[in-house]
Amino acid sequence: MAGNKVRYEAACARVSEIVFVEDRMIVRILLLVCSLLLASELPAASQQPKDDPWNPQHIDALPPDIRNYIAAICKGPAKAQHDFATYSPTERRWRINLEYLQCDGLRDFRQGHRCLDLDFIQVGPRFRLASKQYRECGF
């Protein structure tokens with residue numbers, strides 16, 4: 001009877017080892033599958049369209065008063081870079097850097113390496129032109 005008990009315990013130990021090895025193998029397989037799935041998603045994520053640096057939407061997002069002023073300068077289609085317009089909420093001011101604007105009417109707003117910067121201040125619900133200054137162009 002004692003011999004059977006020893007054989008039973010040895011068999012149980014072997015079964016435990018087999019189950020443990022199988023569990024580890026399942027975990028490894030699951031990790032491999034997850035890694036492959038994540039890796040297959042990386043190329044798709046990296047190929048999403050990027051924002052065009054010269055984009056008309058950078059103008060379209062501005063308040064109407066400022067858009068109308070830009071339209072009068074450009075006399076046609078316009079595109080702008082990200083740095084074209086910056087807003088200071090504490091000053092309620094939009095700074096428009098014309099060096100980051102691309103359109104036909106800009107010739108009159110550049111003096112050599114100096115470009116016109118415009119400041120629009122919020123007055124009630126509207127924005128009015130507060131200052132015009134020629135500064136060194138940032139490009």
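Y69 counts as partly exposed, at 21% relative accessibility. That label covers the range between buried, under 20% relative accessible area, and exposed, over 50%, with a 1.4 Å probe and protein chains only. The model is predicted: local features need pLDDT of at least 70, side-chain atom pairs count only at pLDDT 80 or more, and totals for chains, interfaces and linings use all residues. Residues are numbered from 1 along each chain as its sequence is written, and side-chain values use heavy atoms, with hydrogens and water left out.

Now the overall layout. The protein chain has three helices and seven strands. Its elements run α-α-α-β-β-β-β-β-β-β from the N terminus. Helices (H or I, at least four residues) and strands (E, at least two) are DSSP runs, numbered from the N terminus. The chain has 139 residues, and 25% of them count as buried. It exposes about 10200 Å², of which carbon and sulfur atoms supply 60%. These areas come from the Shrake-Rupley method with a 1.4 Å probe; for residues, only the protein chains shown count as cover. Among contacts with a separation of 6 or more, 46% come from residues 24 or more positions apart. Contact means heavy atoms within 4.5 Å.

Next, the rings. The structure holds three aromatic pairs. Rings of Phe, Tyr and Trp (its six-membered ring) pair if their centres lie within 6.5 Å; planes under 30 degrees apart count as stacked, over 60 as edge-to-face and the rest as tilted. Y69 and F120 form an edge-to-face pair, 5.4 Å centre to centre with 75° between the planes. This pair links distant parts of the chain: Y69 sits in helix α3 (residues 64-74), F120 in strand β6 (residues 114-123), 51 residues apart. F120 is buried, with a relative accessible area of 2%.

Y87 and W94 make a tilted pair, 5.0 Å centre to centre and 45° between the planes. Y87 is partly exposed, at 35% relative accessible area. W94 counts as buried, at 16% relative accessibility. Ring pairs join Y87, W94 and F127 into a cluster.

D65 is buried, with a relative accessible area of 17%. Apart from neighbours within four places in sequence, D65 is in contact with R126 and F127.
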